[in-house]
Amino acid sequence: MALKIVKGSIDRMFDKNLQDLVRGIRNHKEDEAKYISTCIDEIKQELKQDNIAVKANAVCKLTYLQMLGYDVSWAAFNIVEVMSSSKFTYKRIGYLAASQCFHEGTDVIMLTTNQIRKDLSSPNQYDTGVALTGLSCFVTPDLARDLANDIMTLMSHTKPYIRKKAVLIMYKVFLKYPESLRPAFPRLKEKLEDPDPGVQSAAVNVICELARRNPKNYLSLAPLFFKLMTSSTNNWVLIKIIKLFGALTPLEPRLGKKLIEPLTNLIHSTSAMSLLYECVNTVIAVLISLSSGMPNHSASIQLCVQKLRILIEDSDQNLKYLGLLAMSKILKTHPKSVQSHKDLILQCLDDKDESIRLRALDLLYGMVSKKNLMEIVKKLMLHVDKAEGTTYRDELLTKIIDICSQSNYQYITNFEWYISILVELTRLEGTRHGHLIASQMLDVAIRVKAIRAFAVAQMATLLDNAHLLTGNTQRNGICEVLYAAAWICGEFAEHLEDPMLTLEAMLRPKVATLPGHIQAVYVQNAAKLFATVLQKHEGETDSQAAQETSQLLIDRLPLFVQSANLEVQERASCILQLVKYIQKLQQKNVEVAEEVTALFAGELNPVAPKAQKKVPIPEGLDLDAWINEPPSESESEDEKPKAVFAKEEPKHSRSRHTEVDEKELARRREARKQEQANNPFYIKASPSSQKVYDAPGVEHIPVVQIDLSVPLKVPGMPMSDQYVKLEEERRQKEKADKKKKEKKKKREKRGKGRKGDSGPESEEDITPAHHVDIVTEEMPENALPSDDDDKDPNDPHKALDIDLDKPLADSEKLPVRTHRPEVLKSPAEDRDDNTIPQETKKKSSKDKKEKKKDKEKDRKRSKEDKKKKKKHKDVEEELPESLPEEVVQSEETKEASDLDFWLSSAPVPPVAQVVTVSSSAAAATVDSSSAAAAESEPEELKDTEPDDTKSSKHKKKKQKKEKEEKEKKKKKRHHHHHHHHSDAGAEDSVQNGTVEDEEPLPPMSNYSLLAENSYIKMVCDIQGNHQDESKVVVSVIFENKSDSFLKSMEFNVLDSLNSKLQRPDGAGPHDGLTVPFQLPPGVSNEARFVFSVQSIVMPQKLKGTLTFIVKTDESSTHEKLDFKLHFTCTSYLITTPCYSDAYAKLLESGDLKGSSLRLEGVNMPFHHLLARICFHHHFSVVERIDSCASMYSRSIQGHHVCLLVKSSDQTVSIDAKCDEPSLLGNVLDEIKQTFSKC
Amino acid sequence: MIKAILIFNNHGKPRLSKFYEHYTEDTEQQIIRETFHLVSKRDENVCNFLEGGLLIGGSDNKLIYRHYATLYFVFCVDSSESELGILDLIQVFVETLDKCFENVCELDLIFHMDKVHNILAEMVMGGMVLETNMSEIITQAEAQSKMEKSEICAFLSLCRPLSFSVPDRTGRRRPGLLELQHAPYRPSRT
């Protein structure tokens, strides 16, 4: 044995080690590949030996060769062998090699599980460390699942060295095995406050990385991160946290407000540029999320812009680059602040560094206005001429086009100028962007009708000078513009001065050298030109010219008929035959022009991108249904000679067939869709019965004659500068005219004081050179807004969108290695967790049994997880019997209120802050839905809840409305800002509910005053629960009006026979419910109570009492407040969408009884009226025609309520139908009341 | 996240490549080549950021590099990393190498790729920054090489010593990578 070892070591002495290999490669520069292949042979020999030292040496060399690009996956098994060595030295070599070349497809990985587990639990911390490092590079879903529990244990290891690695690797584990996120998260959160800075930093790193992808799930950690931010001195940690806040602020504007101050302090105090820059970045993100110009925020913007200017002016190119980068973010929301630094940015365009020039170009995009567009583009054109590298020049070119075409050519006042710019750009040699220029030319010529004559003239010149463009190289991308030029000249040939000349230019032999698709367009448009020429000469006595044209075509077209390109050949031979036929007719003196022109009659309109996709599926059309039953395989089998078994088989095989076909079906459907999308002749589904509103057609657009101040034909190539000059003159003239007019007016009016010059020309003063109609792109009617296509379904982070706040269920525990994994759970344990729906539970335990699963299943499970999450939400709304519902509800509101409280409280004394932080950390964090509640106004949340079942279309509409309201409210709130802190929107909304506003939609609220005394104010809103036909949810906002602390609040109601307050199990029928929070002075909070009702046809009133303790410094007193809870019939209605045909059917059915109502003196726009009915009485509009609308709603017990609302000057008549007359009567009374109030 | 860390010399010869996502060997070589082409044509005093995001991942990615004497250190990162922070990290990396190899130069990296990997593993793990404190990195790296040495000596006294830095054959003073000092953006790290 000893001899063997010695022998092995002696062998090793003669082996090459890594250094020898490297030296050898360096000495064999000429025949490196050959040398390496002999080395690989040696390595193969070494790997066959038993000695682990020799193997390790070989593997080490392989790692080097891998870096040089050699595939070493054949040695994967040997790498595993070396990994499992007991010696650290070899183990490390093995793990390094594995981390460099193992991946998910490496099959030997599954052999490593136990080895890695052993290393993870090794007493030597470096064994563990090496295993963790290696695993971080090659972890697979299987490894992640099997080792998650071991790694989680390591997160609490005694050595910080292990802890930080274990924390960091958890991110990789989450990615591969999303189910581990929820069980591991509490511990991960704990590590944010680890005593070791390295571990803390690792935890921050992981959470930041997670939160970046799914920020909303991590909003509840904001207080904790805030504390870290204000206490940490580690710049690395600070940078990460500040970056994280940048991702969170868009979700919670109030967080932004809280951040501004500490960030501003950091900006002023830090000397680390990296930290300063990230602070500025996050402040920008905050400002973007707040977006409205609050007075103290303009100072923040100024601070940012000023700091960025310092960065940009710095001699360090890196700072300059980043300054420009951040500036472009400000630009999106606060363009004015950036525009003042135009000088600086234009200066950066001259920088020698290309990265910086590109960044400056990005900024220019947002800085243009009608006024300076020409100037900026002129400057860019100069750069185009100067630029050496084609990439930068191409970038300039695209930027010029981007800048000019942005927001539908908003800034272009003179399209002649733009066309000349495009034509000038065609002179660039070797650009890749010929097609871009071409598409711009086409777009402008098609959509700007007034410019067509000019465009055609320019294009004709281009065609005439085509030889300049094509030059000598075929690959020259610029020849693409000829495609556009030919098409424009052909399509708008009526504007051509000399079509004959252009026709001749298009049929030159040189054209045959152009790419095929361009030739095809040439040929086709030559035919159009031919038609134009014929028409021009029609009626002339001398038919010479027309016949000459025909002859020209007959002479030249054969060249194209011989083309190798099928398209060209086909078109050319068709047209050649046509022309030959026409020539015959001409010789007989038959008038043909009319008919030839008819071939190309009609106008082509631009169609919006994705228009086809946005056509809504007409109601009643089921795209998935079979038109004809598919022929089953059995039938075809039947026809085969083997018909003997046909009698027994068919049933069986048919049913199997349909089952199997599910996938196939989907595939075919996809294929069919694809085919239809690609088939221009496929007749698009026309939107059905819906009334057609006047769609903007081309005919409706007035065509304005242009008053050309420029001669149409510019000799040679056009110079855009000419137009710049002309445009300036025009503006001057216009200005002068205006002044004259003003003067005239003044003189007429005999104005008292004479004002001086009207100051600098403002944006609005500049009118376009001539009235320009931009033809809008066509969209199908009822187009669906679809923005679902920008999400990548394969994003691994999607699976990590997991609700982290709901309590852990047993089934979610990480798999622990046991001898018999089958008996993981007893059914008795199962029964305990009722938050998890039965089927998912089954599934997950089954999964565990299987242990091995493929990727597809994994994905399925993550989907399920989402389902679970959704279900969970539903569960909360649904309130299952087994749980005391108030507890769930109040728990939720309590957690929400913690975050709310933290966010809403303006500068809180440090002690208080710590208290809230720890309490929110302890409470297993906030539910995402309640985070949403924190974000939106309470009444908005209430409003969206019943929306769940609505069609997306309706939802969109509704959301839009809500948005409007929200914005409005925000504005309102900003006025109140100083004395009124965000959360207490209740007061505002109550006022808003009664205050009448003009124009757009007035803000509305359903919260009404419940009771009030000197200590407390209660407002409430009552909503039906759409999932339970006998439950109503009452949301009450409690507002502390006093200077003392209110606690031990108890809410109690005297039940009636019909309506009862839902109390927790075990509580007596007269016990009150504890309000799950306390109220510090001036704070308000919301709690929800559930009532069960039996009959809903009549309104109800319930008497109730709120008792509470008022605590001041010296004493505490018991107080109470009586209130009357008013259940209106409206509160039993749930907004439910209804389609017009279903609505019609419902009315026809005759089950409904009618009633009507007249309102006099209603002085508001019709849409306000409708909005009010929708909002206050939970209706939805089915159809609206002028000042008549049909509306629908449904009660929680399923009664249909239909309204027909008509309005004619101040009188509104409502005809209503419902299957429950007394309910209807009461609802109508309530509607009447609503309108009598305003 | 850091997507890849590449070190290559002025001629594009790879000295270390660490990819935190899987690519085939051919793709890796192509990425190294293209990165070299992008980086090498840049002047000395232009900014150290490059938006060559086409190579790895989407447009979210950036190349952040530094040039020390004969070597380029390139980090490919996504938008979650602070640009200036990564520049500092490169500086920490090179300074650490300098301490471990005593006046590090390209030859050290050529002959001791495995050691460079081991040092890097103490700084970056699975694409995330693990440690930025130089003394901590050096402590851990040295503790491990000490362990390695003791193992080897106990096992085989015959083994040739694994020196941490190779003696220069020419005997001339080698130009260290750190001679061209970069100004760090981080003034103090506690």
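A:K164 is buried, since its relative accessible area is 3%, where buried means under 20% relative accessible area, exposed over 50% and partly exposed in between (1.4 Å probe, protein chains only). The model is predicted, so that local features need pLDDT of at least 70 and side-chain atom pairs count only at pLDDT 80 or more, whereas totals for chains, interfaces and linings use all residues. Residues are numbered from 1 along each chain as its sequence is written, chains are lettered from A and ligands numbered from 1 in the order in which they are written, and side-chain values use heavy atoms, with hydrogens and water left out.

The partner of A:K164 is B:E131, with which A:K164 forms a salt bridge whose closest N and O atoms are 2.6 Å apart. The term salt bridge denotes a side-chain nitrogen of Lys or Arg within 4 Å of a carboxyl oxygen of Asp or Glu. This pair crosses between chains: A:K164 belongs to helix α10 (residues 160-176) of chain A, and B:E131 to the loop between β7 and α5 of chain B. Helices (H or I, at least four residues) and strands (E, at least two) are DSSP runs, numbered from the N terminus. B:E131 also counts as buried, because its relative accessibility is 10%. Side chains of opposite charge can pair when their charged atoms come close.

Are A:E209 and A:R212 buried or partly exposed? A:E209 has 2% relative accessibility and so counts as buried, while A:R212, at 24%, counts as partly exposed. A:R212 also meets B:D78 in a salt bridge of 3.0 Å, N to O. That pair crosses between chains, running from B:D78, in the loop between β5 (71-77) and α2 of chain B, to A:R212 in helix α12 of chain A. B:D78 counts as buried, because its relative accessibility is 2%. Together with A:R213, B:K3 and B:E21, the residues A:E209, A:R212 and B:D78 are linked in a network of salt bridges. Over all chains, the structure holds 43 salt bridges.

The text now turns to the interface. Across the interface of chain B and chain A, the rule finds eight salt bridges. A further salt bridge joins B:E81 to A:K240, with the closest N and O atoms 3.5 Å apart.

On the side of chain B that touches chain A, the elements that give two or more residues include β2 (14-19), α1 (25-40), α2 (83-101) and α5 (134-155) of chain B. Of these, α5(B) gives the most, with nine residues. The residues of this side divide into 29 nonpolar, 18 polar and 22 charged; Ala, Val, Leu, Ile, Met, Phe, Trp, Tyr, Cys and Pro count as nonpolar, Asp, Glu, Lys and Arg as charged, and the others, Gly among them, as polar. In total, the contact (heavy atoms within 4.5 Å) takes 69 residues from chain B and 75 residues from chain A. The area buried between the two chains is about 6700 Å², of which carbon and sulfur atoms give 55%; buried area is the accessible area (1.4 Å probe) that two parts lose on being put together, summed over both.

The chains themselves may be described in turn. Chain A contains 48 helices and 15 strands, and 51% of its 1238 residues count as buried. Among contacts in chain A between residues at least 6 apart in sequence, 71% join residues at least 24 apart. Chain B has five helices and seven strands, which run β-β-α-β-β-β-α-α-α-β-β-α from the N terminus on. Of the 190 residues of chain B, 64% count as buried.
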